[in-house]
Amino acid sequence: RDGLDPSAMDQAHRDYAIVKEKERSDQLTKYHKMLKVGLPMSSVQQALVRDELGKEEERVKEEDRSNPLNKYHRMLKVGLPLSAVQNALVRDGLDPSAMDQAHRDYAIVKEKERSDQLTKYHKMLKVGLPMSAVQNALKRDGLDPSAMDGDHRT
């Protein structure tokens with residue numbers, strides 16, 4: 001249609017694949033050498049995992065350097081109480097009120113997640129299943145059956 005040869009893209013694609021394979025091969029050279037000198041495969045696999053974790057830790061440290069509050073946001077995100085996060089802020093010489101809004105935001109997100117998680121069970125009640133059946137389903141799914149106590153929506 002546009003007068004260009006479609007096979008040109010095929011060659012470009014092959015060239016790109018070769019470059020990517022070479023980059024990947026260069027990254028794995030260290031591990032090939034480990035195998036070559038006789039280290040067991042399990043040791044080489046462990047080194048691969050360790051190095052990948054090291055890259056992730058380095059990325060997190062870089063994020064923390066760019067925004068000093070990231071560390072505290074992660075603390076809230078994993079569920080630490082606000083008081084613990086504020087204590088950490090004070091310990092590190094920062095203003096503890098800096099996380100108040102973030103805590104409110106995380107609380108809203110958590111409540112929404114909880115609400116979304118229980119939607120299935122509210123539907124079970126709505127179609128007429130007895131509360132005991134819904135609580136059994138909650139247990140089966142590894143949730144706290146008391147999450148539906150006092151909630152008899154129909």
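What covers the buried residues of α6 includes α5. The model is predicted, and its protein chain holds six helices and zero strands.

**Helix α6.** Helix α6 spans residues 131-140, and its buried residues are M131, V134, A137 and L138. Viewed down the axis of α6, these buried residues fall within an arc of 120°, so they line one face of the helix. On the face turned away from that buried side, α6 carries the exposed residues K139 and R140. Just after α6, G142 takes a positive phi of about 80°.

**Helices α3 and α5.** Helix α5 (residues 100-126) also meets helix α3 (residues 70-77): their axes come within 10 Å and cross at roughly 35°. The crossing of α3 and α5 is right-handed. On the α3 side the contact involves H73, L76 and K77, which meet A102, H103, Y106 and K110 in α5. By class, this contact of α3 with α5 has three nonpolar, two polar and two charged residues.

**The chain as a whole.** From the N terminus on, the elements run α-α-α-α-α-α. Totals for the protein chain follow.

| Quantity for the protein chain | Value |
|---|---|
| Buried share of the 154 residues | 18% |
| Share of contacts joining residues at least 24 apart, among contacts between residues at least 6 apart in sequence | 28% |
| Accessible surface | about 11,800 Å² |
| Part of the accessible surface belonging to carbon and sulfur atoms | 56% |

Key
Residues numbered from 1 in each chain as written. Predicted model: local features only at pLDDT ≥ 70, side-chain atom pairs only at ≥ 80, totals over all residues. Heavy atoms only, no water. Axes fitted to C-alpha atoms, helices over the stretch in contact; angles between N-to-C directions. Helix = DSSP H or I, 4+ residues; strand = E, 2+ residues; numbered from the N terminus. Left-handed = near helix turned anticlockwise from the far one by under 90°. Contact = heavy atoms within 4.5 Å. Nonpolar A, V, L, I, M, F, W, Y, C, P; charged D, E, K, R; others polar. Buried < 20%, exposed > 50% of the residue type's maximum accessible area, 1.4 Å probe, protein only. Areas by Shrake-Rupley, 256 points an atom, 1.4 Å probe, with all protein chains shown as cover. Arc of directions from axis to C-beta.
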